[in-house]
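Please look over the sequence and the structure shown here before reading the briefing.

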Amino acid sequence: FRTRPPGVVEGPVGAGSLNLPVACARARALTWRPFKFTLTGPHMLAKMLHDRHYRDPEKLAHAIAEVLAGQVRLLDADVIQVDEANLPGHPAEWRWAAAAMNKVLEAVPARAKGAVHLCFGNYGGQSIQKGGWAMLLEYLNALKADHIVMETAHRPAEELAVFKDLRPQIGFGLGVVDIKRTEVESAEDIARAIERAEKVLGKDRIRYIHPDCGFWMLKRNMADGKTRALVAGRDLYEGRLSA
């Protein structure tokens, strides 16, 4: 995108042809189960665009957040998740990134849960951003989110301790599937990951388990295998609790 950016901002940001409610409705129609809809966050979008109008990433992010909020209000989903894959590499920008993100989260309908996903990026199995979660704890605690969805499977095990200081009102989502590896985890791997995290963070602190990020870089058979392992590992873990 450095030689050919995905977009050039030449005037005030508007919705243009963006229509998240239609995209959400089409996906919603495919399932009767609890449904999550995701969108890209204002910080990442602002950092990807070539800005000739605002000439300030903070102002651009807030303008984008206003547009996203207007559409998020109309979404019919059980969970509305906003993804930020650029911020972990730029933690010094957390204050304005959180302010812009909260504009979007405040627009989540009362019937839905607002979530934020952060990761260090993924392209061809490679992390795009460098850094650590400790630098973003203030950002996480500033969020007006029901829960966060974190990349932790591909991260150092000792980094989990950072989340001891996560505001208790925010639910913690634990990444237990490493999407940067082609090897399919076993149910035992998943169960052990949950058990290790519970020992560090405390009983009942983990509200969700999930892959670190999306499966788009993996072949379908790998993605299917990892999804099956996720469910089997959850069941194994819960079975041990009831044993």
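This is a predicted model: local features need pLDDT of at least 70, side-chain atom pairs count only at pLDDT 80 or more; totals for chains, interfaces and linings use all residues.

Residues are numbered from 1 along each chain as its sequence is written, and side-chain values use heavy atoms, with hydrogens and water left out.

**Helix 3 and helix 4**
- Helix 3 (residues 57-72) and helix 4 (residues 94-105) pack at an angle of about 15 degrees, and their axes are 7 Å apart; helices here are DSSP runs of H or I with at least four residues, and strands are runs of E with at least two.
- Helix 3 is therefore roughly parallel to helix 4, a term for angles under 35 degrees.
- On the helix 3 side, the residues that meet helix 4 include Pro57, Ala61, Ala65, Leu68 and Val72, and their partners in helix 4 include Trp96, Ala99 and Val104, where contact means heavy atoms within 4.5 Å.

**The second largest pocket**
- The second largest pocket has a volume of about 380 Å³, a volume being the space filled by probe spheres set on the grid points, which are joined across faces, edges and corners.
- A pocket is an open set of points on a 1 Å grid over the protein atoms alone, where a 1.4 Å probe fits, with protein on both sides within 12 Å along at least five of seven lines, and lining residues have an atom within 4 Å of a point.
- Its lining consists of 18 residues, of which Thr152, Ala153, Val176, Ala193 and Arg196 lie nearest the centre.
- Helix 6 gives the largest share of this lining, six residues.

How values were computed
Axes are lines fitted to C-alpha atoms, for helices over the stretch in contact, and angles run from 0 to 180 degrees between N-to-C directions. Angles under 35 degrees count as roughly parallel, over 145 as roughly antiparallel, 65 to 115 as roughly perpendicular and the rest as oblique.
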